[in-house]
Amino acid sequence: MEKFKSLKTTAIPLEIENVDTDQIIPARFLKVTNRDGFGQNLFRDWRFGKDDMINADFVLNQSQFEGPILVAGDNFGCGSSREHAAWALTDFGFKVIVSSFFADIFKGNALNNGLLPVQVSPEFLKELMTTIKADPKTRINVDLEAQTIGIDGSNHSESFEIDAYKKTCMINGYDDIDYLLSKKESIEKFEKSLQV
């Protein structure tokens, strides 16, 4: 996985609540197990009409909004447990998803795939949405080491929680196996101490 410590960039406001995993990546696109290419079908039924024409009203199709941060409505990632939802978001280019609540399974899948779910208060989420929609060039600061998210150029920020193990993995670019390998020397030392 790619290392993640901090990010300061523009964001895309997806002002929709209860976005489920079938809306993130529809079931008809789950026929492969390779992670590549899922981004092209991210939010497929919202990004495109039945005739495959681009839906100009959907925020991901609006050129004024761009960036690797998706600021979404409450209860993001509900529904099925498909890991493909995290694959589609990362393949599209997202590094951070911000919401006031995440479904637990989605949150775990996101963290396992190098996608940082940042849970904020409903009030701060509303402020982020309002600010980004008013000025799409607004930059959002996400600092994983300090566990803070804020609006660049203002004193408006909030802290967020993250599992300490997953934080270590993201900062170092580790998956679960990489983490174990990073502890190889300590494990070998412990094993030798048992052989006395």
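1. In this predicted model, helix 4 has four residues to look at first: F106, N109, A110 and L111 are its buried residues. They pack against several elements, namely helix 1 (21-24), helix 3, strand 5 (116-119) and helix 6 (164-172).

2. Of these neighbours, helix 3 can be described in detail. Helix 3 covers residues 84-92 and helix 4 covers residues 104-112. Their axes lie 8 Å apart and form an angle of about 50°. The crossing of helix 3 with helix 4 is right-handed.

3. Which residues make the contact between helix 3 and helix 4? From helix 3 come A85, A86 and L89, and from helix 4 come F106, N109 and A110. Sorted by class, this contact has five nonpolar residues, one polar residue and no charged residues.

4. H84 belongs to helix 3. Is H84 buried or exposed? Its relative accessibility is 16%, and the cut-off for buried is under 20%, so H84 counts as buried. Apart from neighbours within four places in sequence, H84 is in contact with I25, L30, V32 and F38.

5. One backbone detail remains, at the end of helix 4. Just after this helix, G114 has a positive phi of about 75°.

Conventions:
Residues are numbered from 1 along each chain as its sequence is written. This is a predicted model: local features need pLDDT of at least 70, side-chain atom pairs count only at pLDDT 80 or more; totals for chains, interfaces and linings use all residues. Side-chain values use heavy atoms; hydrogens and water are left out. Axes are lines fitted to C-alpha atoms, for helices over the stretch in contact, and angles run from 0 to 180 degrees between N-to-C directions. Helices (H or I, at least four residues) and strands (E, at least two) are DSSP runs, numbered from the N terminus. A crossing is left-handed if the near helix is turned anticlockwise from the far one by less than a right angle, and right-handed if clockwise. Contact means heavy atoms within 4.5 Å. Ala, Val, Leu, Ile, Met, Phe, Trp, Tyr, Cys and Pro count as nonpolar, Asp, Glu, Lys and Arg as charged, and the others, Gly among them, as polar. Buried means under 20% relative accessible area, exposed over 50%, partly exposed in between (1.4 Å probe, protein chains only).
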